Amino acid sequence: MIKVEGWVIEVCQDRFSDLLLSYHTGHTYIHQEERYGAFNDIEKAKIYTSKKRAVNAMEKLKLKVINWETMEVVPLGVKI
């Protein structure tokens, strides 16, 4: 059984036929006048307390950044 401990924003990137999963850290950065979302390993991910909060944050992030094509909200769970 899995207990949901929170929600995270996940991005799946296809790099040279390898799937790379990364998670939004809650930050953005600017490179060459374009704003990007900062994504990293699950240990550094921003954890939201509810799915609704995570979805709202993702929708706001999509309006700000240009690297949002494959974002989705996924549960962060632990086995019990």
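The model is predicted.

**Overall layout**

One helix and four strands make up the secondary structure of the chain. Taken in sequence order, these elements follow the pattern β-β-β-α-β. The chain has 80 residues, and 30% of them are buried. Of the contacts between residues at least 6 apart in sequence, 56% join residues at least 24 apart.

**Nonpolar core**

The largest nonpolar core has 12 residues in all. Its members are Trp7, Ile9, Val11, Phe39, Tyr48, Ala54, Ala57, Met58, Leu61, Val65, Met71 and Val73. Strand 1 (2–15), helix 1 and strand 4 (71–79) are the elements that give two or more residues to this core. Helix 1 provides the largest share, four residues.

Phe39 is one of the core residues. Apart from neighbours within four places in sequence, Phe39 is in contact with Val11, Ser22, Tyr23, His24, Thr25, Leu61, Asn67 and Met71. Val11, Leu61 and Met71, which are among these contacts, are also listed in the core.

**Salt bridge**

The count of salt bridges comes to one. It joins the side chains of Glu59 and Lys62, with an N to O distance of 3.9 Å; this pair counts because the cut-off is within 4 Å. Both residues lie in helix 1 (residues 51–64). They are three residues apart, about one turn of the helix.

| Residue | Relative accessible area | Class |
|---|---|---|
| Lys62 | 23% | partly exposed |
| Tyr29 | 43% | partly exposed |

**Aromatic pair**

The structure holds one aromatic pair. The ring centres of Tyr29 and Tyr36 are 5.6 Å apart and their planes are at 20°, so the pair is stacked. The cut-off for stacked is planes under 30 degrees apart. Tyr29, a member of this pair, is partly exposed at 43% relative accessibility.

Note on methods:
Residues are numbered from 1 along each chain as its sequence is written. This is a predicted model: local features need pLDDT of at least 70, side-chain atom pairs count only at pLDDT 80 or more; totals for chains, interfaces and linings use all residues. Side-chain values use heavy atoms; hydrogens and water are left out. Buried means under 20% relative accessible area, exposed over 50%, partly exposed in between (1.4 Å probe, protein chains only). Rings of Phe, Tyr and Trp (its six-membered ring) pair if their centres lie within 6.5 Å; planes under 30 degrees apart count as stacked, over 60 as edge-to-face and the rest as tilted. A nonpolar core is a set of buried Ala, Val, Leu, Ile, Met, Phe, Trp, Tyr and Cys residues joined through side-chain atoms within 4.5 Å. Contact means heavy atoms within 4.5 Å.
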